[in-house]
Amino acid sequence: MSDFFAFPTVNSWEEDVFQLTTTGIVAVVVLMAACIVLALVLQPKNKKGKKFSTKQLTFSAMAMALAMVLSMIKLFEMPMGGSVTVCSMVFITLVGYVYGAKAGIMTGFAYGLLQFVVDPVFYSIPQLIVDYPLAFGALGLSGLLRNKEWGLQTGYVLGLLGRLFFAWLSGVLFFAAYAQGSGMGPVMYSLAYNGSYIAVEGVITLILISLPPVNKAIISVKRSLME
């Protein structure tokens, strides 16, 4: 890998990894901006045939900012990555819930890159792609159920399952060695490890967004953003 974008180093576990250079970080930020632009292009139209460029840009930016801030408030942190945060993932699923799966996935993709820029260390390009843009982009799958009954809750669960799938896949493909000594194979170990913290945050968030005042407030916000 060219030292122009990233250079080899060693992490706290004495593992060989790569870290982005300043040029690499700038390249990722440009890619983030491209994702947001694409999300705007893919946005649906309202009943009057107009798109929501300004509203969606503002809402998506706020959702990413809130998700990032809350992701730093960790109720519990796993020893080898992953944590239970204060409902950080729900804000990305809300973009899908309001504007549809395409816009939600691209916003999640951009948010994943933002998460990566905060700590730009990775093992390989495939691992980077699976753990960041794909894993967080999957949260936007919530948009597939946006107009269904209980679409807020079921959409959130769908997005969370997408996030879990890519976290599980990363564990199987790139971190299988961590399963040694656990008594489980990589497939079950990755599912148990990643499912534990994702499920806990998921249950907490589902309870909160299902509270009548919160649920009504979110639905009201959705309606106002679609006008």
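This is a predicted model: local features need pLDDT of at least 70, side-chain atom pairs count only at pLDDT 80 or more; totals for chains, interfaces and linings use all residues.
On the side of helix 3, the contact is formed by L94, Y97, V98 and Y99, while helix 8 contributes I218, I219, K222 and L225. Sorted by class, the contact of helix 3 with helix 8 comprises 7 nonpolar residues, no polar residues and 1 charged residue.

Helix 1 and helix 2 were examined in the same terms. The axes of helix 1 (residues 22-41) and helix 2 (residues 53-71) come within 10 Å and cross at roughly 135°, and the two helices are therefore oblique to each other. Helix 1 passes helix 2 in a crossing that is right-handed. Residues M32, I36, A39 and L40 of helix 1 make the contact with S53, Q56, L57 and M64 of helix 2. By class, the contact of helix 1 with helix 2 holds 6 nonpolar and 2 polar residues, and no charged residues are found in it.

A further packed pair consists of helix 4 (residues 101-118) and helix 5 (residues 125-137), whose axes lie 6 Å apart and whose packing angle is about 140°. That angle makes helix 4 oblique to helix 5, and the crossing of helix 4 and helix 5 is right-handed. From helix 4, the residues in contact are G104, I105, G108, F109, Y111, G112, L113, Q115 and F116, and from helix 5 they are L128, Y132, P133, F136 and G137. Divided by class, the residues of the contact of helix 4 with helix 5 include 9 that are nonpolar and 5 that are polar, with no charged residues.

Turning to the strands, an open sheet of 3 strands was identified, in which the order is 1-2-5 and the pairing is antiparallel. Strand 1 and strand 5 (121-122) are the edge strands of this sheet, each of them pairing on one side only. Strand 1 (residues 6-10) and strand 2 (residues 16-20) run antiparallel and are joined by 5 bridges. Along this pairing, A6 has L20 of strand 2 as its bridge partner, P8 has F18 in strand 2, and V10 stands opposite D16, again in strand 2. The hairpin of strand 1 and strand 2 has 5 residues between the strands, and within this hairpin E14 takes a positive phi near 60°. Strand 2 is also joined to strand 5, through 2 bridges, and these strands run antiparallel; here the bridge partner of Q19 is V121 in strand 5.

A second hairpin is formed by strand 3 and strand 4, with 5 residues between them, and G81 in its turn has a positive phi of about 105°.

Aromatic rings were considered across the whole structure, and the search finds 11 aromatic pairs. In one of these, the rings of Y193 and Y197 have their centres 6.3 Å apart and their planes at 80°, so the pair is edge-to-face, planes over 60 degrees apart being counted in that class. Both Y193 and Y197 lie in helix 7 (residues 186-210), where they are 4 residues apart, about one turn of the helix.

Conventions: Residues are numbered from 1 along each chain as its sequence is written. Side-chain values use heavy atoms; hydrogens and water are left out. Axes are lines fitted to C-alpha atoms, for helices over the stretch in contact, and angles run from 0 to 180 degrees between N-to-C directions. Angles under 35 degrees count as roughly parallel, over 145 as roughly antiparallel, 65 to 115 as roughly perpendicular and the rest as oblique. A crossing is left-handed if the near helix is turned anticlockwise from the far one by less than a right angle, and right-handed if clockwise. Contact means heavy atoms within 4.5 Å. Ala, Val, Leu, Ile, Met, Phe, Trp, Tyr, Cys and Pro count as nonpolar, Asp, Glu, Lys and Arg as charged, and the others, Gly among them, as polar. Two strands pair if DSSP finds at least two bridges between them. Rings of Phe, Tyr and Trp (its six-membered ring) pair if their centres lie within 6.5 Å; planes under 30 degrees apart count as stacked, over 60 as edge-to-face and the rest as tilted.
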